[in-house]
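The following note sets out some points on the model under review. Please read them alongside the sequence and coordinates.

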Amino acid sequence: MVKKYQTFLMVAASALMGIHAAITNYTGNADPTKLTLPKIPQTTSYDVGTQCQYYQSQFVVNKNEWPNIWDIATSNNMNTSQEFQTLYNSIDWTKVPQVPIRTIGPTGGLNLQGYDTNNDPYCWWSATQCCTPKSPGINPDVRNCPEPSTWGLTFDDGPNCSHNAFYDYLLENKQRASMFYVGSNVMNWPYGALRGIKDGHHVASHTWSHKMMTTLSNQEILAELYYTSKAIKFVTGVTPLYWRPALGDLDDRVRWIATQLNMTAMLWNLDTNDWAAGSIPGITADTVNQKYESYIEMGRNGTFASSGNIVLTHEINNMTMDFFVKHYPEIKKAYRHVTDAATCMNITHPYIENTITFPTFEQSVKHNATTATGSGVVPGASGTTSSNAGVSVRSLSNGPLFIAALFGLLALV
């Protein structure tokens with residue numbers, strides 16, 4: 001009970017710190033309490049190729065109002081648009097922490113050379129995994145669930161076009177997760193994003209183009225966050241208050257800019273490295289399975305007896321989704337609770353709008369409460385669910401299809 005109120009106070013304090021007057025233009029016609037998915041092959045099939053075929057959605061997109069897909073979010077002249085200029089000029093930039101913009105080294109990783117890791121003046125996660133800001137007026141990061149024996153379930157890089165079987169599996173098991181969606185993917189695969197809200201998952205931002213945030217300018221950081229939130233609102237009807245940087249790369253400058261949009265970073269304290277299997281030297285499927293088994297053992301041996309974890313996993317392809325499905329039964333046995341990060345943090349309103357309310361941790365575990373609207377209606381009470389429930393997620397081994405799933409095929413009109 002003490003942990004519950006400590007968490008509530010921390011979240012409430014972050015919310016109060018994050019009250020700013022940035023002028024935003026989040027618009028959307030979707031009612032998150034009445035979402036309907038069209039019954040088309042892309043939303044019902046388990047065949048990867050069928051799911052990832054481009055479809056013309058109900059959303060009419062004016063290409064002049066959005067960044068280019070998978071480009072930095074200032075692209076397509078967004079940084080000079082009246083909408084963005086109004087937002088940018090509504091922020092008092094004299095207060096932004098004066099932190100150097102980072103660079104990418106010759107091997108493709110962040111250049112850490114010369115950074116004072118002992119004193120860590122800018123709370124740079126990539127260098128020290130710092131998550132408590134050194135500068136004032138910044139929302140502190142969320143990194144682990146305070147509730148005992150709890151696995152905080154999170155998936156990055158969605159919505160993936162081939163996730164039908166995976167989402168059906170979660171739905172069958174009444175399992176909610178925190179889904180960190182990339183803005184470009186939301187625009188490419190909008191029905192995938194609708195499915196996330198409809199099934200009661202906690203949807204959060206994972207930036208527009210998945211760039212290393214500390215390497216970007218102030219304008220670029222603001223645009224990456226703003227246009228992702230705008231895309232999620234445009235498609236689902238809700239605007240996220242939580243976000244996760246690509247590879248966890250943030251410092252106090254990035255945090256401060258996110259705070260101007262009332263956004264709080266949600267990180268992790270366990271990493272499966274599932275995305276890297278077969279693509280990074282030395283990381284194989286066995287490596288990932290061993291990590292899962294190690295984290296499961298932590299649940300058994302009391303490592304998380306007094307507080308829980310938040311685990312980084314990915315929706316990036318069917319291989320990463322399959323890893324979780326394989327280990328989920330043992331995770332359930334090893335931990336008393338498996339829940340989305342919002343619920344384990346007692347965050348009942350993870351969106352700007354109050355149309356959807358999440359249960360407290362106690363309500364979730366003791367009364368099996370689900371997400372509900374202000375009227376008590378579970379989101380997505382209408383629409384379709386795949387009739388293929390129960391079929392396991394198949395590994396995605398086709399290279400071109402993986403690229404299609406990752407980068408999408410959106411034709412802006």
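Among contacts in the protein between residues at least 6 apart in sequence, what percentage join residues at least 24 apart?

1. The share is 77%, counted over contacts between residues at least 6 apart in sequence. The model is a predicted one, and the points below should be read accordingly.

2. The protein contains 15 helices and 10 strands. Of its 413 residues, 56% count as buried.

3. The largest nonpolar core has 101 residues. Within this core, the residues that touch the most other members are W151, L222, Y227, W243, L261 and F324. Helix α9, spanning residues 218-236, gives the most to the core, with 10 residues. In soluble globular proteins, nonpolar side chains tend to be buried together.

4. Helix α6 (residues 164-172) packs with helix α8 (residues 190-198) at an angle of about 5 degrees, and their axes lie 11 Å apart. Because angles under 35 degrees count as roughly parallel, α6 is described as roughly parallel to α8.

5. On the α6 side, the contact is made by N164, Y167, D168 and L171, while α8 takes part through G192, R195 and G196. Sorted by class, the contact of α6 with α8 has 2 nonpolar, 3 polar and 2 charged residues.

How values were computed. Residues are numbered from 1 along each chain as its sequence is written. This is a predicted model: local features need pLDDT of at least 70, side-chain atom pairs count only at pLDDT 80 or more; totals for chains, interfaces and linings use all residues. Side-chain values use heavy atoms; hydrogens and water are left out. A nonpolar core is a set of buried Ala, Val, Leu, Ile, Met, Phe, Trp, Tyr and Cys residues joined through side-chain atoms within 4.5 Å. Buried means under 20% relative accessible area, exposed over 50%, partly exposed in between (1.4 Å probe, protein chains only). Helices (H or I, at least four residues) and strands (E, at least two) are DSSP runs, numbered from the N terminus. Axes are lines fitted to C-alpha atoms, for helices over the stretch in contact, and angles run from 0 to 180 degrees between N-to-C directions. Angles under 35 degrees count as roughly parallel, over 145 as roughly antiparallel, 65 to 115 as roughly perpendicular and the rest as oblique. Contact means heavy atoms within 4.5 Å. Ala, Val, Leu, Ile, Met, Phe, Trp, Tyr, Cys and Pro count as nonpolar, Asp, Glu, Lys and Arg as charged, and the others, Gly among them, as polar.
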